[in-house]
Amino acid sequence: MQHIFTKWAIVLSIMSVLVSGRSFVGMIHRHGRMQIAAFASSPKLRNGGADIINTHAKQPMHRMSGDTSHISHTNPRLVRREQQSLLFSSSSSSTATTTNNKATEEEEYDWDTLLPFEKNTHNSIKITVPEIGKNDTNNKDDPYNTDTFSSRLEATISTAQQLHKTAIWITVPITRAHLIEHAFKCGFEFHHAEGTTATLSKWLSNEVSRIPIFATHQVGVGAVVINSATNEILCVREKRNNYRPWKIPGGLADLGEDLDEAVIREVYEETGIPCRFLSVLGVRHTHGMQFGRSDLYFVCRLEPVPDENGEVLQPVPQEGEIEATAWLPLNEYRDMVNNEDVKVGHPMMKHVMKIVDQGKWDENDIQKTIVSSVVPGRKSSPVYHAPIRSD
């Protein structure tokens, strides 16, 4: 939860580092993925085009998954027909493209010897191993039976290669963890694990693997909450890992949570103060953080929401995590972050306070706009961008 951050000029500086000389245009935070847009003015950088950097937020950026509820795992005949329907329902360069040879290809594969699978994104297939059932332990008809799993998996790999698939994904529940060793012997590697399920992958193409690593980034938020009536800033002191006397409240965004939702939630959890989101002040990009991942930390500007009597509440520390909370006079907080003592001062907060002091929010804020997606069925997403002039 301990984070430091930047602001307008700092944001431009960080973004230019991130995109190797390109200037910041804006960023979009979509559930599971963050994209930062930059414009390359140099002819050496994509002919002056806009560039996109993809990052992760506590989850995979390109997790190749799908709904497997329609796949039968125990009826071989049904599995065979479902697999045929999935693979040959549409023509492509990697499968038969005419009616005649499509029928021929369907007959080439012994579907009863394969593991149930489904067509997946990025020209891959996916095998979803179900939880072990009461009658599956010694059931010879179970396609995931230990005695036949390896041969079925090898046959499925061979079939995928004949279909010119580039990758195979397999998800294995912890109740069938013994199958992981068999998959490893067939060339599969761990991609990620979450909850009670492990996901493995195997790259089939002769080209260099394009399978993305799991969750390169986590997303954090911090809140600059100022009570304008008293000229005070909301601060907290944690029960552990206190690097400075006071810090702004904040923490990690949850899976599928927008920045504004995350920062409002974190402030309320840590202090009990309800707030209203106003804008993003800046972002810090740090590497080598938790689990060896990188971190995108967004500093947001919020205002406290008064109660029914028009009064701003007094903060209450979150039990178990926060030792103390306070409305700290801005001058006192400013003196702290500007302190030359390396054990007291806060270099990045020093920059942020300069932004807070200069105001001019209509000129300096990173604003939020909800935009629709060009991808059919995808929800609208917030875009955080530089101010747009009306003239």
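In this predicted model, lysine 126 has tryptophan 169 of S6 as its bridge partner.

Helix H5 (residues 179-185) contains phenylalanine 184. This phenylalanine 184 is exposed, because its relative accessible area of 59% exceeds the 50% cut-off. Its C-alpha atom is separated by 9.6 Å from that of serine 201, 17 residues away along the chain.

Turning to charged pairs, the structure holds 13 salt bridges. One of them joins arginine 176 and aspartate 142, with an N to O distance of 3.1 Å. Arginine 176 sits in the loop between S6 and H5, and aspartate 142 in the loop between S5 and helix H4 (146-162), so the contact ties together parts 34 residues apart in sequence. Both partners are buried: arginine 176 has a relative accessible area of 2%, and aspartate 142 one of 3%.

Another salt bridge connects glutamate 303 with arginine 276, whose closest N and O atoms are 2.6 Å apart. Here strand S13 (residues 294-304) supplies the glutamate and strand S12 (residues 275-286) the arginine, so parts 27 residues apart in sequence are tied together. Glutamate 303 is partly exposed at 28%, as is arginine 276 at 40%. Finally, salt bridges with shared partners join Asp254, Glu257, Arg265, Glu266 and Glu269 into one network.

Notes. Residues numbered from 1 in each chain as written. Predicted model: local features only at pLDDT ≥ 70, side-chain atom pairs only at ≥ 80, totals over all residues. Heavy atoms only, no water. Pairing = 2+ DSSP bridges. Helix = DSSP H or I, 4+ residues; strand = E, 2+ residues; numbered from the N terminus. Buried < 20%, exposed > 50% of the residue type's maximum accessible area, 1.4 Å probe, protein only. Salt bridge = Lys/Arg side-chain N within 4 Å of Asp/Glu carboxyl O.
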